[in-house]
Structure formats: structure tokens, C-alpha cells
Amino acid sequence: MRSFSADQALVYAAEIFSSRYKGAEFCIAAGSIILGLGTAGSDLDLVVVHQKLPTAFREAFHHNSMPVEAFVHDYETVQAFIDGDYENARPTMIHMLATGVAIPAPVETPRRLQCYARMLLEKGPERTADRKIQELRYAATDLIEDLKGDRPQNEQRAILYYLYETIGELRLRHGGRFVSRGKHLARSLEQCDAEFSKKLTGAMESAHRDGVSQTQVETISSLLESVGGALFDGYRQEAGAERRKEAKWLRVSA
């Protein structure tokens, strides 16, 4: 699998923009390749912006063997995605816009959009609601209890993957940070708290390799304590009004 430099990716981004998105005003080339962090498996992210479209869409394709993901928007849909990112504290679109490179060379409109995205990143997320923090603490507590059982290693590993994401997100939210998933979670956690990240990763790696031990459970439990602690007794979460539907099952003959 071929790897690409940032310079090559920018050349390809300009070619794609001029040939594939003729009605668009500009695009932002973004992602790991543009940031100099690309690997052989990295793709090029493009946020393509029109003045007006019937609907936003996302598409994937190859250009000269380089994988590309394009997020195609107009002024209003890109705002909606930015708002959704910010409300959920998951700045996927915001980060692409803030850290990407405008094509063609930035004029007023893309400059405004990138300044807006950078302003939101600098500001950071709104305070996470107590309900969400309690939800994460409860989920982490439940997963740690699952690890204590006598389980086959494949089940332990499945629990560990989910537990890493849950405790990682809890640490980021506890620290007033935006949250991430996948590789971006690992990077964000390292930036937020390098020592926490090292302990969590070490416990996960040894448990994945050798099976879960009491020592690893204690390490993970101590990390949970540092971000609010275990939560089980007294936990209660009410469903919202939208979680109510007509009882169609009453019309089924028994």
C-alpha cells in the first residue's frame, strides 16, 4: 500500500477540486496526510463547499491510487454539521476545517470558515452534563465488573476495547476536552493526560496479551476513581419523552 506526502496530497486535492467539483466555491484538504501524520493506510479528507446544494453528502473514491473521502456541503449544511459536532463535543468536522488547507489559496469565505472552526477549538466544548458523566461512570463500572468474571479471552478482549473508549472519553470530558474515537481518542488522551494514557494503555495491552489479572483490574479501577469513581448503587436514568411509541404489539394475536 502506497503512502503519500502532504505536498502530493495537496496536488491531488487541487486536481480533484477542479475536475470533480466544478460548481463548488472551495474545498479544505485535511486529515492525517495533510498534518504530516499519514501512514500507508491514510486517506485524504476533503470538505467541499458550495453556496447551495439540495443536500449534503459524503462520498469515497480513489484518485491516482490515493483513497479520498469527500464531505460535500453548502454554507448552511456545513454550519449544521459544525453545530452538531460542538453540541456532542466530537469536533470531527470542526477539526478538519481548523487544521486543513484551503484550495484554492484562501480568500475571504474559506478564511472566515476556518477562523470560525479554530475559534471553536480554542474555546473548547461546553461543560458536559452530569447525566452524561454518570452514564459513562456507570458503563465503566459495569464493564470492570464484567472483567472480574471467569470469561474466555475473546470476551475479555471485547470488554477491554469498549472499556478503553469509555474510560478514555470520561477522562477527556472530566478535563473539559473535546472527545474522539479510534486513533484520535488515543492522541487526544495522550495530549490531555500523558500519565493517565500510559497507565490505561499499559493495563489494556497486558490484559489483551496475557489475559485479565487482578493487578490490571485494580489499575483500571484506580483510573476510574480519578475521574469520579465507580457508580452503581443509586444510579437512575430516565428516558426522554421521544422514547415513547404506539404499542403496536397490542395488535398482534397471541
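Good morning, colleagues. The model before you is predicted, so local features need pLDDT of at least 70, side-chain atom pairs count only at pLDDT 80 or more, and totals for chains, interfaces and linings use all residues. Residues are numbered from 1 along each chain as its sequence is written, and side-chain values use heavy atoms, with hydrogens and water left out.

Let me begin with Arg171. This residue belongs to helix 6, residues 153-174; helices (H or I, at least four residues) and strands (E, at least two) are DSSP runs, numbered from the N terminus. Is Arg171 buried or exposed? With a relative accessibility of 14%, Arg171 counts as buried, where buried means under 20% relative accessible area, exposed over 50%, and partly exposed in between (1.4 Å probe, protein chains only). The side chain of Arg171 makes a polar contact, at 3.1 Å, with the side chain of Asp193. Leaving aside residues up to four places away in sequence, Arg171 touches Leu189, Cys192, Asp193, Phe196 and Val227; contact here means heavy atoms within 4.5 Å.

I turn now to helix 2. Helix 2 spans residues 75-88, 14 residues in total, and reaches 20 Å from its first C-alpha to its last, close to the 20 Å expected at 1.5 Å a residue. That expected span is 1.5 Å times one less than the number of residues. Which residues of helix 2 are buried? They are Thr77, Val78, Ile82, Asp85 and Tyr86. Their cover includes strand 4 (66-74), helix 3 (92-99) and helix 4 (108-123).

Finally, some remarks on the backbone. Just after helix 2 comes Ala89, with a positive phi of about 60 degrees, although Ala89 is not a glycine. Ala89 sits in the loop between helix 2 and helix 3 and is buried, at a relative accessible area of 5%. Ser65, also not a glycine, has a positive phi of about 75 degrees. Ser65 is located in the loop between strand 3 (57-63) and strand 4, and is partly exposed at 46%. The peptide bond from Ile103 to Pro104 is cis, with omega near -5 degrees; Pro104 is in the loop between strand 5 (101-103) and helix 4.

How values were computed: A polar contact is a pair of N or O atoms within 3.5 Å; within protein, one must be able to donate a hydrogen and the other to accept it, and residues adjacent in sequence count only if both atoms are side-chain atoms.
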